[in-house]
Amino acid sequence: QCGSSEFWNSDLDVCVPCASCKQYPKTPSCNTCKSVEEPSDVWKLAAITSFSVLAVVLVGAALIIGVMVHRRKSHKRPLRG
């Protein structure tokens, strides 16, 4: 009866925190922790993806605005001349 972030180590007869699996990946019964760690990985992937999309949108918007401003300036020059 271990907590959600722990697993049972039959060698030691105690509950071991899943954090120890990162330091000692070869620990027996660490595979029972994967289901607990997956959501954090999913959240990391979602965060990275959303930030990447946001960055692309911002860069794209900046480029579009830059092109529009440049076009306005280039249109005004012939009219002045």
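Biologist: Which angle about the S-S bond makes the link of C2 and C15 left-handed?

Modeller: The angle is -90 degrees about the S-S bond, and the link of C2 and C15 is therefore described as left-handed. This pair links distant parts of the chain, 13 residues apart, with C2 in the segment before β1 and C15 in strand β2. The model is a predicted one, in which local features need pLDDT of at least 70 and side-chain atom pairs count only at pLDDT 80 or more, whereas totals for chains, interfaces and linings use all residues. Residues are numbered from 1 along each chain as its sequence is written, and side-chain values use heavy atoms, with hydrogens and water left out.

Biologist: How do you know that C2 and C15 are joined by a disulfide?

Modeller: A disulfide is a pair of cysteine sulfur atoms within 2.5 Å. The S to S distance for C2 and C15 is 2.2 Å, so the pair meets that definition. The structure holds one disulfide.

Biologist: Why is C2 called partly exposed?

Modeller: Relative accessible area is classed as buried when under 20%, exposed when over 50%, and partly exposed in between (1.4 Å probe, protein chains only). C2 has 26% relative accessibility and therefore counts as partly exposed. C15, at 29%, counts as partly exposed as well.

Biologist: Why is N9 called buried?

Modeller: The relative accessibility of N9 is 5%, so N9 counts as buried. N9 is found in strand β1. Leaving aside residues up to four places away in sequence, N9 touches V14, V16 and T27, where a contact means heavy atoms within 4.5 Å. In the protein chain, buried residues make up 11% of the 81 residues.

Biologist: Why is V14 called partly exposed?

Modeller: V14 has a relative accessible area of 37%, so the residue is partly exposed. V14 lies in strand β2 and touches F7, W8 and N9, not counting residues up to four places away in sequence.

Biologist: What makes F51, L54 and L58 a nonpolar surface patch?

Modeller: Like charges are joined within 9 Å, and nonpolar side chains (Val, Leu, Ile, Met, Phe, Trp, Tyr) within 5 Å. L54 has 44% relative accessibility and so counts as partly exposed. L54 is found in helix α2 (residues 34-80). The patch made by F51, L54 and L58 covers about 330 Å², an accessible area from the Shrake-Rupley method with a 1.4 Å probe, in which, for residues, only the protein chains shown count as cover.

Conventions:
Patch = residues over 30% accessible without salt bridge, like charges linked within 9 Å, V, L, I, M, F, W, Y side chains within 5 Å. Salt bridge = Lys/Arg side-chain N within 4 Å of Asp/Glu carboxyl O. Helix = DSSP H or I, 4+ residues; strand = E, 2+ residues; numbered from the N terminus.
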